[in-house]
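Biologist: Hello! Could you walk me through this model, one question at a time?

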Amino acid sequence: MKKIIFIFLFLGVINGLFAQGKLTVSGYLKDAKSGETLIGATVFVKELSTGTTSNVYGFYSISLEPGDYTFVYSYVSYTPVEKKISLSENIKMDIELAEISTELNEIVVTGEIEDENISSVQMSVNKLDIQTIQKMPALFGEVDIIRSIQLLPGVSTVGEGATGFNVRGGGVGQNLVLLDEAPVYNSSHLFGFFSIFNPDAVKDVKLLRGGIPAQYGGRLSSILDVRMKEGNNKQFAASGGVGAIFSRLTLEAPIVKDKASFIVAGRRSYIDVLAKPFLGEDLQNSAFNFYDLTAKANWNINENNQVFLSGYLGRDVFNADNVFASNWGNATTSFRWNHLFNDRLFSNITVFYSNYDYRLAFGEGDDTFDWKSRIINYSVKPELTYYANPKNVITFGGQGILYEFDPGKAEGRSVGEITRIELDKKYALEGALYVGNEQTINDWLTLSYGLRFSYFNYMGEGNGYTFGDAETTAGRRPVEGIEAFDQWESIETYQNFEPRFAFNLKLNPTSSIKLGYNRMAQYIHLVSNTVASTPLDIWTPSTNNIRPTLLDQISLGYFRNFKDNMYEFSVETYYKDYQDVVGYIDNADLLLNEFIEGDLLLGDGRAYGIEFYLKKNKGKFNGWVSYTLARTEERFEGVNRNDWYPARFDQTHNLNLVAFYDLTERLSFSANFVLISGTPATFPTARFGFQGIEGIPQNAEERRNNYRIPVYHRLDLSATLQGKRVKKNGNTRKNEDYWVFSVYNAYNRRNPFSINFQNNPNNQAQTQAVRLSVVGSFIPSVSYNFKF
């Protein structure tokens, strides 16, 4: 595979060299009202029936023979612009597109160009525009990006109260979540009920589940790429909302009109403020809230250089005075520099910092416990895009990431005696070089191929451990040796070639077949043996005892549009093969354990399934239906009698229905229904007693994940009432406002999060199953939103 990709890349470069005699039209596509760049806008040349799309910074470039051409610039929900161009020299042309008024245009539920699902070589990709996300029913009336993508095919969660999301059977830690290219290690507020992304500050959301290009790496299951707005560079603008449990406010304005701008967005919940009158005196100093602040500024230095600085700070705080204290949060900073070397060579250099930390404390007086942990990243990522000709777009670059893991510092007090536990910090360096090409062979065949080389160095300062054999096959391994390493001294290194390949075979203008293959390597691991991921889970690097996890995924799909792109349909099937999946011995000790590697296992994994997706894009009534039939399994030596067993994220059936209906220009309704198979769980199969004393229930058959909790299903409803746009004197209001009324869990379903077993307190001879439900009733809410 590597040799084949090298040959294709060589041919792509040769094609680019032969295109040197052509002339280039390049520039940026922007929103006429705000100056925001448009991602994925279309540039079409009528005479040649060819074209290109703008990149994530709104830049486009297309090289043609000298001559007269008609260029059509278009974007979904915007009025197309047509330009006559006489091409006798290189031309730079920035285009501003005006958004079509919703009063004059049918509602369109898509964030893509109309036939991109057919023409694009990428598969297993979903884009959601903010307008669609804002129309979905939401908990407490607050729109949410993470909960919205869980309604897409192949995406799920193990239940309410679980942080993050799962893609095609992968774990939460196998998703790379990027905010302006900086990784976010916990994407949720309030134990998964809200995401950290303020929708008022988000411009673009893209989820990649398969066929992942070479510029992405480091995780196995998916890439969630979230891009923030740059800020209105035309005029001052403000937006926000007041909801049942939190409020938000966003401000944006030009610093220098058409040259530099900023955006600042903040949110804070006020659960603690509302609850304070009902708390006793001993809890008056309690704090139960979350907040986040998002900010970004950009400066267009000249036609060849633009810089961006963005940051995020968010935190969840749960403190009950003199009882317990817990808080966690993310902080990121990204600096990016766009530079045009010439009309065909676009570059971006990103430097970012990312920090995730948490704290857990409880007790009072002389009996207390306080634990802190964090993971920090520093990274630089140069990337270049060479628009060789209309048939070849070559991307190449690299990335270096320095990791600092702080697994835990704890201090305990008992009757005045202090005990301190401080685990060694761990350091690692991850590097990558990559190159990829998207090549149009002819009108019916497009290829995308690339190669990524990744390198990982687990380093000191710290100890490296060697472990002996466990007394049982899957038992705890004893420590046999400890070796100290100096700062930056290599303890273990790994390297992997990661080929990527995809093609699009266009059967006719309305249908195509796509195939994608990618190998991914993940060098850092989220360690958790709980039912669902929590904010207190631990990240650890690959070491001399824990190898990186490798994934080979192949996907095949059929895509079809109907009735002038009003309907789109797709069916995709995939198979994923894992090597060196991290697992756990029974009763693994994962917290503040210096020898945690002795409690971990390495095994095999596999996931396979089929995804169906039908979407109606236009009209007063629209939405989509998605259904996934899937299986995810693991196998570890000495576990489950060495047989394959369902992974804890395995969900056989996943059905999502999303519907929008616009009754009038001001009043619209939406609904979504979710039905998901219960997740696997290990239930006891027997109990043992001795001399009339009943024992606790046990898993005598030693089968892991031998049962499933009951099926999860939920219906959410929402109504949106727009404020009047026309004043009594007939003039149109400049400001906009609307009310959102919603009901979460409309028919009061008590979905089980987990099931535990205990002896019946009234009859010790009987085993009793106890169901835990995080949400046990329907939740009505109302929110008010504004924009001016």
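Biologist: In which loop does Asn748 lie?

Modeller: A note before we start: this is a predicted model, where local features need pLDDT of at least 70, side-chain atom pairs count only at pLDDT 80 or more, and totals for chains, interfaces and linings use all residues. Residues are numbered from 1 along each chain as its sequence is written, and side-chain values use heavy atoms, with hydrogens and water left out. Strands here are DSSP runs of E with at least two residues, numbered from the N terminus. Asn748 lies in the loop between strand 48 (736-744) and strand 49 (754-760).

Biologist: Is Asn748 buried or exposed, or partly exposed?

Modeller: Buried means under 20% relative accessible area, exposed means over 50%, and partly exposed is in between (1.4 Å probe, protein chains only). Asn748 has 38% relative accessibility, so the residue counts as partly exposed.

Biologist: What is the phi of Ser77, and where is this residue found?

Modeller: Ser77 is found in the loop between strand 5 (67-74) and strand 6 (81-87). Ser77 is partly exposed, with a relative accessible area of 25%. Although Ser77 is not a glycine, its phi is positive, at about 70°.

Biologist: Which residues form a negative surface patch?

Modeller: Patch residues have over 30% relative accessible area and no salt bridge, with like charges joined within 9 Å and nonpolar side chains (Val, Leu, Ile, Met, Phe, Trp, Tyr) within 5 Å. A salt bridge is a side-chain nitrogen of Lys or Arg within 4 Å of a carboxyl oxygen of Asp or Glu. Asp424, one of the members, is partly exposed, with a relative accessible area of 39%. The negative patch is formed by Glu422, Asp424, Glu461, Glu483, Asp486, Glu489 and Glu594.

Biologist: What area does the nonpolar surface patch have?

Modeller: Its members are Leu309, Phe335, Trp337, Ile349, Val351 and Val380. Strand 23 (324-340) and strand 24 (345-364) each give two or more residues to this patch. Accessible areas come from the Shrake-Rupley method with a 1.4 Å probe, and for residues only the protein chains shown count as cover. The nonpolar patch has about 480 Å².

Biologist: How far apart are the C-alpha atoms of Pro390 and Gln439?

Modeller: Pro390 sits in the loop between strand 25 (367-389) and strand 26 (392-414). Along the chain, Pro390 and Gln439 are 49 residues apart, and their C-alpha atoms are separated by 8.7 Å.

How values were computed:
Lys, Arg positive; Asp, Glu negative; His and termini not counted. Charge placed at Lys NZ, Arg CZ, Asp CG, Glu CD. Helix = DSSP H or I, 4+ residues; strand = E, 2+ residues; numbered from the N terminus.
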